[in-house]
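Student: I have a structure to read, and I would like to learn how to go about it. Can we take it feature by feature?

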Amino acid sequence: MGYTSLVKSFRQDFYPLVCQIPEGRVSTYGALARALGSERAARAVGKMLNENPRPVEVPCHRVVMSDGSLGGYGGGIEEKKRLLEEEGIRIKNGRVKEFEHVVFESFVSDKPLKRLREEQKRVKEKVAVQESGIGFSSVAGVDVSYSNNRAYPALSLWDHENKEEIDVFTTEIDVEFPYIPTFLAFRELPCLLEILEKVEDQPDVVMVDGNGVMHPDGIGLASHLGVETGMATVGVAKSKLCGDLVDEIDREKGKMLSEVRDNGKLIGHALLEGKRAKNPIYVSPGHGVSHDQAVQLVKSYCRYKVPDPIRRAHIEATKRRKKDER
DNA sequence: GCGACAG
DNA sequence: ATCTTGTCGC
């Protein structure tokens, strides 16, 4: 089985894992995340438990916080407490008594996130951080808006020379894979591929709402998209996932750009554009562009904090979601 | 309380 | 990402 099936069945495979917690024992969000293959998935675990299709049968009431406190419960925390006590768990002052003795962590799992990480590393080998040579004549910005598990991707296409929007495309698609930091591509890549299919004349470069090589393993959403499609891509994130700023961004001192490095290696830039912007955006090459090229391209579209093509895609994606919600 | 992890 | 009203400032 390839990694695509892991992505597709990720959620369905998660619930049987929860069922491994024996009656009379409890486990934690973090322990389940580790069983999935990454501690970063702890919040996604909470989200998936909250969306548990079969409460009690899938015993999400047996999942508590790592300090022994109860955490939340869809049917009310009182119900969670009642169910646990019914199973022999003693609770005092909102905490599981003798927590260390009843906590269960020995899940049997093939750790899907570990395997998805390996897939990312294979894709990473194909990422090229270098100029493509030819100039860009068309540029696109992509973004995705969400309503539960329904995604609304949008693409705004621009004439690079005249800085004019040529066209805008939107669509819809179901997503099952949850948002997990550093694993964003497995949730959003299908959305981006779907919207790109609707575009007749493929853009010369795509600006993506997420990171390129500015990723703990050098393979963010923009880079993944670039390798999968062969297109030139640039990553634009609104907050920092990893790395450290070399210089302090300071509007007063006219310092609007800083390198971002990870263990000494250049992985991208923090860029402050737009008069009202308070915080910088984080720019990194996705694929087929250099660091300088990425920064210059993004900068050329920054009338506001976020470059126009992405800003427009964001607006159109949200518009389509709102329309669909009524 | 601190630090904080794209969307 | 989404949940949400008014409000401060250019």
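Student: Which residues are the closest to DNA strand B, and how many surround it?

Tutor: Start with the general idea. A residue is near a strand if one of its heavy atoms lies within 4 Å of it. Here 17 residues surround DNA strand B, and the closest are Y179, D209, N211, K238 and K240. Keep in mind that this is a predicted model: local features need pLDDT of at least 70, side-chain atom pairs count only at pLDDT 80 or more, and totals for chains, interfaces and linings use all residues. Residues are numbered from 1 along each chain as its sequence is written, chains are lettered from A and ligands numbered from 1 in the order in which they are written, and side-chain values use heavy atoms, with hydrogens and water left out.

Student: What share of the atoms of DNA strand B within 4 Å of the protein belongs to sugar or phosphate?

Tutor: Sugar or phosphate accounts for 51% of those atoms, and bases make up the rest.

Student: How do I read a polar contact?

Tutor: A polar contact is a pair of N or O atoms within 3.5 Å; within protein, one must be able to donate a hydrogen and the other to accept it, and residues adjacent in sequence count only if both atoms are side-chain atoms. Now look at DNA strand B. The side chain of Y179 has an N or O atom 2.3 Å from a phosphate oxygen. D209 places a polar side-chain atom 2.9 Å from a sugar or linking oxygen. N211 uses a polar backbone atom, 3.0 Å from a base nitrogen.

Student: Which residues surround DNA strand C?

Tutor: They are S145, Y146, K238, R276, H314 and R321. A polar side-chain atom of S145 is 2.8 Å from one. For K238, an N or O atom of the side chain is 3.0 Å from a phosphate oxygen. R321 has a polar side-chain atom 3.0 Å from a phosphate oxygen.

Student: How are residues sorted by class?

Tutor: Ala, Val, Leu, Ile, Met, Phe, Trp, Tyr, Cys and Pro count as nonpolar, Asp, Glu, Lys and Arg as charged, and the others, Gly among them, as polar. The surface near DNA strand C has one nonpolar, two polar and three charged residues. Near DNA strand B there are seven nonpolar, six polar and four charged residues.

Student: Where are the domains of chain A?

Tutor: Domain bounds come from an automatic or database domain assignment. Domain 1 covers 3–121 and domain 2 covers 126–325. Their centres, taken over C-alpha atoms, are 34 Å apart.

Student: How much area do domain 1 and domain 2 bury between them?

Tutor: Buried area is the accessible area (1.4 Å probe) that two parts lose on being put together, summed over both. Here it is about 1500 Å², with 63% on carbon and sulfur atoms. R11, R40 and Q120 supply 40% of the area that domain 1 buries against domain 2, more than any other three residues.

Student: How many salt bridges are there between domain 1 and domain 2?

Tutor: A salt bridge is a side-chain nitrogen of Lys or Arg within 4 Å of a carboxyl oxygen of Asp or Glu. The count between the two domains is three. The side chains of R11 and E176 also form a salt bridge, at 3.3 Å from N to O.
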